[in-house]
Amino acid sequence: MARTGRNETCPCGSGKKFKHCCASKKNTWSSRIILLIIAGTVLLAVLAAVSYSRQGAGSGRVWSVEHGHYHDASGREAPR
Ligand SMILES: [Zn+2]
Ligand SMILES: [Zn+2]
C-alpha cells in the first residue's frame with residue numbers, strides 16, 4: 001500500500017481528504033499546544049510579577065505569623 005497523500009481520502013474513514021481531516025487535526029493540535037504553553041508561560045510571569053509587586057508594595061515588610069512581628073522584604077528581622 002502506498003503512503004497516504006494529502007489529497008487522498010483519509011484512512012480514518014471520515015470520507016474527507018487527508019489534508020482536511022487528520023492531517024489538519026494534527027496541525028491544529030500542535031499549534032494549540034504551543035499557544036497554550038506560550039499563554040501559560042506569559043500568565044505565570046504576569047502572576048509572579050503581580051504577586052511580587054504586591055508583596056513589595058507595603059513598605060517592603062512581611063508579617064511573620066511564627067514570630068509575631070514584621071520581617072523586611074529580604075526575610076530578615078525588621079528592627080522595631
Ligand atoms: Zn481522518
Ligand atoms: Zn522574626
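The following is a conversation about how a predicted model is described.

Colleague: What helices and strands does the protein chain have?
Modeller: The protein chain has one helix and two strands, and along the sequence they follow the pattern α-β-β. Helices are DSSP runs (H or I) of at least four residues and strands are DSSP runs (E) of at least two, numbered from the N terminus.

Colleague: Which residues are the protein donors of the zinc ion (ligand 1)?
Modeller: Cys-10, Cys-12, Cys-21 and Cys-22 are the protein donors, each through its SG atom, and they lie 2.3 Å from the zinc ion (ligand 1). Donors are N, O and S atoms within 2.8 Å of the metal (3.2 Å for Na, K and Ca), and water is not among the atoms, so sites may look incomplete. In sequence, the donor residues are spaced C-x1-C-x8-C-C.

Colleague: Why is the arrangement around the zinc ion (ligand 1) called tetrahedral?
Modeller: Four donors count as tetrahedral if all angles lie between 85 and 135 degrees. The four donor atoms around the zinc ion (ligand 1) subtend angles of 103 to 115°, and therefore the arrangement is tetrahedral.

Colleague: Why does Cys-10 count as buried?
Modeller: Buried means under 20% relative accessible area, exposed means over 50%, and partly exposed lies in between (1.4 Å probe, protein chains only). Cys-10 has 5% relative accessibility, so Cys-10 counts as buried, whereas Cys-12, at 46%, counts as partly exposed.

Colleague: What does Lys-16 touch, leaving aside residues up to four places away in sequence?
Modeller: Lys-16 touches Glu-8, Thr-9, Cys-10 and Cys-21, where contact means heavy atoms within 4.5 Å. The place of Lys-16 is in the segment before H1, and its relative accessibility of 48% makes Lys-16 partly exposed.

Colleague: What makes the nonpolar surface patch of about 410 Å²?
Modeller: The patch is made by Ile-34, Ile-38, Val-42, Val-46 and Val-50. Patches are made of residues with over 30% relative accessible area and no salt bridge, with like charges joined within 9 Å and nonpolar side chains (Val, Leu, Ile, Met, Phe, Trp, Tyr) within 5 Å. Val-46, found in helix H1 (residues 22-57), has 46% relative accessibility and therefore counts as partly exposed.

Colleague: Why is Ser-64 called buried?
Modeller: Ser-64 has a relative accessible area of 13%, so Ser-64 is buried. Ser-64 is found in strand E1 (residues 61-64) and touches His-69 and His-71, not counting residues up to four places away in sequence.

Colleague: Why does Arg-76 count as exposed, and where is Arg-76 found?
Modeller: Arg-76 counts as exposed because its relative accessibility is 60%, and Arg-76 is found in the segment after strand E2 (69-72).

How values were computed
Residues numbered from 1 in each chain as written. Chains lettered and ligands numbered in written order. Predicted model: local features only at pLDDT ≥ 70, side-chain atom pairs only at ≥ 80, totals over all residues. Heavy atoms only, no water. Areas by Shrake-Rupley, 256 points an atom, 1.4 Å probe, with all protein chains shown as cover. Salt bridge = Lys/Arg side-chain N within 4 Å of Asp/Glu carboxyl O. Tetrahedral: all angles 85-135°; square planar, octahedral: opposite > 155°, others 65-115°.
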